[in-house]
Amino acid sequence: MPEEIVALKTEAAARESGADLRRSGAAARVAAIARNTFREAVRDRVLYNLVLFVLILTGGAVFLGELSAAQELKIIVDMGLSAALLFGVFIAIFVGVGLVYKEIERRTIYAIFSKPVGRGEFLLGKYLGLCLTLAVNVAVMGAGVSLALLYVSGGWHPLALSIWPAVALIYVELMIVVAVALLFSSFSSPALSALLTFFVFVIGHFSAELKSLSAAGASGVARLFFAALYYLLPNLSNYSYITAAAHGRTPAAPDFLVAVLYGLAYIAALLAASTLVFKRRNFK
Amino acid sequence: MKATDERTDSSPSPSPGAAEEFAAGRAGVARRERARDALLALVVVMGLVQTFALARWLDARRPAEDPFAAYEELYVRPETARRLSLGFNGVAADWYWLRSIQYVGRKVEAFQGEFTLDDLRPLGIRNLGPLLEQSTALDPQFMAAYDFGAVVLPAIDPDAAVRLVERGISENPQEWRLYHYLGYIHWQANRFREASAAYEAGARQPGAPPWMNILAAQMTAQGGSRTVAREMYRRMYEGAADEQVRTLAVQRLAQLDSLEERDRIRRALADFRERAGRCPADWREVAPLLRAARLRLTGAGVPLDPSDVPYVLDAAACDVRLDERSKIPKD
């Protein structure tokens, strides 16, 4: 896209945001940035991944069903929710690391900060905008899996409803990954941020190993090191309910609530850290 | 905008000849563009054709591989796969499940000789145990994999079958169906005391049906009887999540029916021999006795097995046997 068009679009977006900014306080400013981030994601065709998702789901439902020896419902849930997580993680990482960087690269950040917008508000708005994009993405994918289940079972099936707690936990996991990506992108290049976020995603699923390493550590220092890593990095296995959902099992209400609270607390800490780093960043 | 208009107005209008020349020039450019596109498309197609041909040539130069080689290998150990799955363990378990089914299916299709359901070792399905172990390590609640393993594995590697189901029990201690499978494996190996213990343990689990207790008692008293076998396969048919297990249970029930029918036919043959002092030359001679024994007969008085194929009369031995075309599993 030519730079002029980008600049014009950003200017229009900035004007729109400016109108919102005059109307009310911090919440409206954050909402305006979030709305524009969501629109930008839609303009960048981020939601096109849903087409690929539908193709995977249809392929899974129609072709794998034949091969699976009466396990088609399980396979649809496993495949559909895993695809939702995988696509979501890709969006969270690759769009998340560009949230701040793109604004700096296009120099639109000057236009934004010439308005009465705090850096924390800017980051929060960007974060919520991408979370909104992911919410639409995950909700449509969840609905797609439910519809595929209803289609394959030829009518109502309890799995169509019981997968939704797992869908919600996938969303919380993605929210954490976005917050991690935002933290890294607030001080690092997009490529490095993407790599580091991916590592955190991987290690986040190895948290049980970290815990056992901390318990079995030979020296006190090693034990302390692994225990610190365990508590410092997000425990993403708290959100792995896809396999259980495929068997019609839902997480216990306390587990679900605590996992969501853990996610929110972790996100709050990451956003605060991102703001601290971003506040000290010089754009000159 | 006004300035632009003025500039446009003041510029000299092109002569008709120049306009035609311009249009011809544009048409020429468009033609050349189309030709270039066609050439590029041709290069794409030819390139793909060439790579296909070259790949085939390279494949032909390589030593021939066992078509099942890919199914014989596990990429990683079950526990490693579980750790590496990053929350995608359900999909990975499904992948190994599909591989298990394809693996067995292809082996059965490729096998030329004779085999029975009690001994599948001639098929060379040596990797089924590890494949199912992989699948259930990735998804410990995957009941269909335990179903399939409990029924098919004992005919290949009974120890692997016991290991698989015992691990399933340790992961799902309240799942009564797993105790049923464990009891079934022990029963098949004529270990009736262990089978009874498995049924007893299963009967104590929540939601266990009352027949688990009945089977536990029957195992001790009459473990090898057909009554127990019939009960076993009937329950397996009712409770199995896997379609192939249900099919196998139906085959086994048909086999039991056939065994009972052959017993009745043998009694009828013995009656005939006692009365006539010889064996019947064909089924017609013994048809009234077979009819009295409530066997299904064709119009010509030939008894039919449960797969609707006529039984074969072995006149020399005064005995009955299954026809080669019969779908009933051989004893």
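Going by the C-beta neighbours inside 10 Å, what does Cys318(B) count as: buried, exposed or partly exposed?

A: Before we start, keep in mind that this is a predicted model. Cys318(B) counts as partly exposed, because it has 15 C-beta neighbours inside 10 Å. To find Cys318(B), look in the loop between strand S1 (312-314) and strand S2 (319-321) of chain B. Its backbone is worth a glance too: the phi of Cys318(B) is near 55°, a positive value in a residue other than glycine.

Arg107(A) has a positive phi of about 65°, and Arg107(A) isn't a glycine either. Its loop runs between helix H5 (98-105) and helix H6 (108-113) of chain A.

Ala287(B) belongs to helix H14 (residues 283-292) of chain B and is partly exposed, with 19 other C-beta atoms within 10 Å. Along the sequence, Ala287(B) and Gly301(B) are 14 residues apart, yet in space their C-alpha atoms are 5.2 Å apart. If you skip the neighbours within four places in sequence, the contacts of Ala287(B) are Leu297(B) and Gly301(B).

Now zoom out to the whole of chain B. You'll count 14 helices and two strands there, and 30% of its 331 residues are buried. Of the contacts in chain B with a separation of 6 or more, 52% join residues 24 or more positions apart.

Helix H6 (residues 128-138) of chain B gives you the buried side of the story. It is largely enclosed by the rest of the structure, because 10 of its 11 residues are buried. Among the buried residues of H6(B) are Leu128(B), Gly129(B), Glu133(B) and Leu138(B). What do they pack against? The partners of the buried residues of H6(B) are helix H4 (78-84), H5, helix H7 (143-152) and helix H8 (158-171) of chain B.

Helix H5 of chain B turns up again where the chains touch. There, 17 residues of chain B are in contact with 21 residues of chain A. On chain B's side, helix H5 (89-110) and helix H13 (243-276) are the elements that give two or more residues. H5(B) gives the most, with seven residues. By class, chain B's side splits into seven nonpolar, five polar and five charged residues.

Let's cross over to chain A. It has 14 helices and zero strands, and 44% of its 284 residues are buried. For contacts with a separation of 6 or more, residues 24 or more positions apart account for 80% in chain A.

Two packed helices are described by the angle between their axes and the distance between the axes. Helix H4 (residues 72-96) and helix H7 (residues 119-153) of chain A pack at an angle of about 165°, with axes 10 Å apart. H4(A) and H7(A) are therefore roughly antiparallel to each other. The crossing of H4(A) past H7(A) is right-handed. On the H4(A) side, the meeting residues include Leu81(A), Ala92(A) and Gly96(A), and on the H7(A) side they include Leu130(A) and Leu134(A). Sorted by class, this contact has 16 nonpolar, seven polar and one charged residues.

Some of those names come back around Val178(A). Leaving out neighbours within four places in sequence, Val178(A) touches Ala92(A), Gly96(A), Tyr127(A), Leu130(A), Cys131(A) and Leu134(A).

Last stop: the nonpolar cores. The largest has 130 residues, and those with the most contacts inside it are Leu81(A), Ile170(A), Val178(A), Ala179(A) and Val165(B). Helix H9 (residues 164-185) of chain A supplies the largest share of this core, 17 residues. Apart from that core lies another, of 11 residues, including Ala268(B), Trp283(B), Leu290(B) and Ile328(B).

Technical notes: Residues numbered from 1 in each chain as written. Chains lettered and ligands numbered in written order. Predicted model: local features only at pLDDT ≥ 70, side-chain atom pairs only at ≥ 80, totals over all residues. Contact = placed C-beta atoms within 7 Å. Helix = DSSP H or I, 4+ residues; strand = E, 2+ residues; numbered from the N terminus. Nonpolar A, V, L, I, M, F, W, Y, C, P; charged D, E, K, R; others polar. Buried ≥ 20, exposed ≤ 12 C-beta atoms within 10 Å, placed from the backbone. Core = buried A, V, L, I, M, F, W, Y, C linked by C-beta atoms within 7 Å. Axes fitted to C-alpha atoms, helices over the stretch in contact; angles between N-to-C directions. Parallel < 35°, antiparallel > 145°, perpendicular 65-115°, else oblique. Left-handed = near helix turned anticlockwise from the far one by under 90°.
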